[in-house]
Amino acid sequence: MNNINKITDFKPGISVYPIGLMFLPFKKLGKFQTLYHQGDLANKLFMVKSGAVKLCELSEGGDQLVHDIKTEGEIFGAWEALLHPDMHFNNSAIALSDDTEIYFIKLSEINFDNVPNSMANLSRLFLEDLKKLNFRHQRLLNNDAAYRIKETLLNLAQRAGQKFGDETLLKLWLSHDDIAKLADTSRQTVTAVMNDLKNKKKIIYSRDRILFRSLSNFHN
């Protein structure tokens, strides 16, 4: 039992999910390694123990759509597969950092009779994901591209950044194209906004890390 952990053992950046389900160690991934591919059978839920994972979908036209970035303590998978076990993943999961560690639980092993609060808590997590999608849609309708880019970066820093006094270090490999897809804008616009943030001394960045000078006045 030493290799088994409850989700309550982990403390993600925003909230703790007191599900009471047992997640087992699954895989350690290097940067850009794939956890699962689009079209694989969606028979597991996953949790990020350390590192980060990009959820992305390849469209029929060959374009990559970035759904989300999952960071430490966050759970992901195809929620609908809890009710439809023959479902397949509509996206791929790719590690964005070295030594990304993933835990898992098989959907077939979730016994809601033994853990009566599990369905309610999993439903809450599913609703949180829906809220994120709705927020992203509202942000697209009501804010300009520069604001969306800054808000995307700020959200990632709050969830996965390491605090050093007033500064926050986000160690995560994200291309300008990845940020653009998360913020629903163009790569060229991301480059312009990132350069502006750098010139205003709000960030220092490279491909695999961004140092935020202060999150409290990042939008100012």
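Me: Which residues of H3 are buried?
Reply: This is a predicted model, to start with. In H3 the buried ones are His-176, Asp-178, Ile-179, Ala-180, Leu-182 and Ala-183.

Me: How many of the residues of helix H3 does that make, and where does H3 run?
Reply: Six of eight, with the helix spanning residues 176-183. That is why H3 counts as largely enclosed by the rest of the structure.

Me: Which strands does H3 lie across?
Reply: S5 and S6. Its direction is at about 90° to S6.

Me: What comes just after H3?
Reply: Asp-184, which has a positive phi of about 55°.

Me: Back to S5. Is it mostly covered or uncovered?
Reply: Mostly covered. S5 takes in residues 52-58, and five of the seven are buried.

Me: How many bridges join S5 to S6?
Reply: Seven. S6 covers residues 64-71, and the two strands run antiparallel.

Me: What do S5 and S6 form, and what's in the turn?
Reply: A hairpin, with five residues between the strands. Gly-62 sits in that turn with a positive phi of about 95°.

Me: And how does S5 pair with S8?
Reply: Antiparallel, over four bridges. S8 is residues 92-95. Lys-54 has Ile-94 of S8 as its bridge partner.

Me: What's the strand order in that open sheet?
Reply: S3-S8-S5-S6, with antiparallel pairing. S3 (34-36) and S6 are the edge strands, each pairing on one side only. Neighbouring strands are turned by 30° against each other on average, ignoring direction.

Me: Which residue is the bridge partner of Thr-34?
Reply: Ile-94, in S8. Two bridges join S3 and S8, and they run antiparallel. Ile-94 also partners Lys-54.

Me: New topic. What's the order in the sheet with S10?
Reply: S10-S11-S13-S12. It is an open sheet of four strands, paired antiparallel.

Me: Why is one side of S10 and of S12 left without a neighbour?
Reply: Both stand at the edges, S10 at 162-164 and S12 at 203-206. The twist averages 15° from one strand to the next.

Me: How many bridges join S10 to S11?
Reply: Three, in an antiparallel arrangement. S11 is residues 167-170. There, Glu-167 is the bridge partner of Phe-164.

Me: Which helix packs on this sheet?
Reply: H4, residues 187-199. It touches S12 and S13 (209-212). The direction of H4 makes about 130° with that of S12.

Methods. Residues numbered from 1 in each chain as written. Predicted model: local features only at pLDDT ≥ 70, side-chain atom pairs only at ≥ 80, totals over all residues. Heavy atoms only, no water. Buried < 20%, exposed > 50% of the residue type's maximum accessible area, 1.4 Å probe, protein only. Pairing = 2+ DSSP bridges. Axes fitted to C-alpha atoms, helices over the stretch in contact; angles between N-to-C directions. Contact = heavy atoms within 4.5 Å.
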